[in-house]
Amino acid sequence: MNKPSLWHIIKEDFSMPAKNDPAYHSAIELFFNYPGIWAVVNHRIAHRLHVNGFKRLARIIMGITQMITNIDLHPGAQVGRRVFFDHAIGVVVGETAIIGNDVLIYQGVTLGGVNLEKGVKRHPTIKDGAVIGSGAKVIGDITIGANCRIGSNSVVVKNVPDDSTAVGIPARVIEKGR
């Protein structure tokens, strides 16, 4: 199976508001109302540079993107396909974070680390189909399972199994399976 081109993946990114946001009305809104799209698109380019050894240039691109969008998305983070940052202001994604495909992340979410050691995985892995609610903090080298829901303002410090809902501070699983 052929790997999709960068252009194809970016076209998917631009299609996400129409799919995920009932308030979306026209393509012109992409330019003015969806900073998450611009952060992801710029990240796609910066990530390619980062993995090919142009780390400083990648950081510059994402630094400028952060100033424009108020989204701190490290170029080293791995972002899957069709990821949508809805509203997106104040989102922080650390260097070793891994975000799967078809993930929806709302404003104010942090995918952060607790370990200051270099060269180790310090940030969470978010599996395919997960939804991370507004203001949630997902901290450390943990895994949020496929199709999980993380409640708004939850603080997640432990793994969450597939098809579960977690809420609270610290977050606890309130619903498992489907």
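This is a predicted model: local features need pLDDT of at least 70, side-chain atom pairs count only at pLDDT 80 or more; totals for chains, interfaces and linings use all residues.
Helix H1 has a kink of about 30° at Phe-14, shortly before the proline Pro-17. H1 runs over residues 6-20, and at 1.5 Å a residue its 15 residues should span 21 Å; the end C-alpha atoms are 21 Å apart, which agrees.

The buried residues of H1 are Ile-9, Ile-10, Glu-12, Asp-13, Met-16 and Pro-17. An α-helix has 3.6 residues a turn, so residues three or four places apart point the same way. What do the buried residues of H1 pack against? Their partners are helix H2 (29-33), helix H3 and strand S3 (84-86).

H3 covers residues 35-51, and His-43 is found in it. This histidine counts as buried because its relative accessibility is 2%, where the cut-off for buried is under 20%. A polar atom of the His-43 side chain lies 3.0 Å from the backbone oxygen of Ala-77. Ala-77 is also among the residues that His-43 touches beyond four places away in sequence, together with Met-62, Leu-73, His-74, Pro-75 and Val-79.

In soluble globular proteins, nonpolar side chains tend to be buried together. Here the largest nonpolar core has 32 residues, and those with the most contacts inside it are Phe-85, Val-93, Ile-99, Ile-132 and Ile-144. The elements that give two or more residues to this core are H3 and helix H4 (55-69). H3 gives the most, with three residues. Apart from this core lies another, of ten residues, among them Tyr-24, Val-41, Phe-84 and Leu-104.

Within the largest core, Ile-99 is one of the residues with the most contacts. Leaving aside residues up to four places away in sequence, Ile-99 touches Gln-78, Val-79, Gly-80, Val-83, Phe-85, Val-93, Ile-105, Leu-111 and Ile-126.

The strands come next. Six of them form an open sheet with mixed pairing, in the order S3-S6-S9-S12-S14-S15. Why is one side of S3 and of S15 left without a neighbour in the sheet? S3 and strand S15 (171-175) stand at the edges and each has a single partner strand, so one side of each is left without a neighbour there. S3 is also one of the elements against which the buried residues of H1 pack.

Further into the order, strand S6 (residues 104-106) and strand S9 (residues 131-132) run parallel and are joined by two bridges. Ile-105 stands opposite Ile-132 in S9.

Notes:
Residues are numbered from 1 along each chain as its sequence is written. Side-chain values use heavy atoms; hydrogens and water are left out. Helices (H or I, at least four residues) and strands (E, at least two) are DSSP runs, numbered from the N terminus. Buried means under 20% relative accessible area, exposed over 50%, partly exposed in between (1.4 Å probe, protein chains only). A polar contact is a pair of N or O atoms within 3.5 Å; within protein, one must be able to donate a hydrogen and the other to accept it, and residues adjacent in sequence count only if both atoms are side-chain atoms. Contact means heavy atoms within 4.5 Å. A nonpolar core is a set of buried Ala, Val, Leu, Ile, Met, Phe, Trp, Tyr and Cys residues joined through side-chain atoms within 4.5 Å. The expected span of a helix is 1.5 Å times one less than its number of residues. The bend at a residue is the angle between axes fitted to the seven residues ending there and the seven starting there. Two strands pair if DSSP finds at least two bridges between them.
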